[in-house]
Amino acid sequence: MPRCRPLRCPPRGFTLVEVLVALLVLSIMAAMAWRGVDGIVRTRDASQRQLEQTLRLNTVLAQWQTDLAAVQDTGAVPPLVFDGATLRLTRGTPEGVQVVAWSLKSESTDNAWRRWAGPSVTASAALQDSWIASQQLLGSEPGQLRALEGVTRWQVYFFQGNAWANAQSTGNVAAPPAGAASGAAPRAALPSGVRVVIGFAPGSGLTGTLTRDVMLGP
């Protein structure tokens, strides 16, 4: 007597609905993974920019302090003046005396704190020419450096009379330098300290404001 073979179900694949559900789950998981990776990369890039900007800031402030520590009053031009936008000073160098100007120049896309250093000279006439040149800077002159990016504002204060005061309103008068002609115009006295307050732009890698005090020599 012949045996009956059991009926076997034909192989069954995934239905269209199951495939669509699987694709939807995979796309959601891929999107979540991408957002996580993108967040990690963005955080790393932001941290790197902040580190680079902090190192740059420390270097610039070291140069700022070096310039102020070397201020020298020659009697030919004012040794230290701030007009609200630019701080000009005369500093001694091994080759003579040079004019240095720190200024904030507004750009179309960012703000840059700039430093300009004139040539070291030994003659009063040459120093006066350099001082005049520091008042006519356009931003592309030799010796002009974009010291720090992302600076939106800055203010300078002088320490005189045991108090900090706006550098534009200080008015202490010093005696004329030795050898000056009789009747020479009075000169502003050098302060014993300089304070700079710098404000940073959002997204520059630095936040808020920074205050740095530098005491000048006797």
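1. The model is a predicted one.

2. Start with Trp64 and Trp113. Their ring centres are 5.5 Å apart. Their planes meet at 45°, so the pair is tilted; stacked would need under 30 degrees, and edge-to-face over 60. Where do the two residues sit? Trp64 lies in helix α1, residues 16-69. Trp113 lies in strand β4, residues 111-117.

3. Trp113 has another partner, Trp102. This pair is tilted as well, with 4.8 Å from centre to centre and 45° between the planes. Trp102 belongs to strand β3, residues 96-106, and Trp113 to strand β4. Eleven residues separate them, and the pair links distant parts of the chain. Is Trp102 buried or exposed? Trp102 is buried, as is Trp113.

4. Now put these rings in context. Ring pairs join Trp64, Phe82, Trp102, Trp113 and Trp154 into a cluster. Both pairs described above involve members of this cluster.

5. Next, look at Asn162. Its phi is positive, about 60°, yet Asn162 is not a glycine. Most residues other than glycine have a negative phi. Which part of the chain holds Asn162? Asn162 lies in the loop between β6 (151-160) and β7 (163-166). Its relative accessible area is 72%, so Asn162 is exposed; the cut-off for that word is over 50%.

6. The strands on either side of that loop, β6 and β7, also belong to a sheet. The sheet is open and has four strands, in the order β7-β6-β10-β11. Their pairing is antiparallel. Which strands form the edges? They are β7 and β11 (209-215), each of which pairs on one side only. From one strand to the next, the twist averages 25°.

7. Strand β10, residues 193-200, pairs with β11 over seven bridges, in the antiparallel sense.

Key:
Residues are numbered from 1 along each chain as its sequence is written. This is a predicted model: local features need pLDDT of at least 70, side-chain atom pairs count only at pLDDT 80 or more; totals for chains, interfaces and linings use all residues. Side-chain values use heavy atoms; hydrogens and water are left out. Rings of Phe, Tyr and Trp (its six-membered ring) pair if their centres lie within 6.5 Å; planes under 30 degrees apart count as stacked, over 60 as edge-to-face and the rest as tilted. Buried means under 20% relative accessible area, exposed over 50%, partly exposed in between (1.4 Å probe, protein chains only). Two strands pair if DSSP finds at least two bridges between them. Axes are lines fitted to C-alpha atoms, for helices over the stretch in contact, and angles run from 0 to 180 degrees between N-to-C directions.
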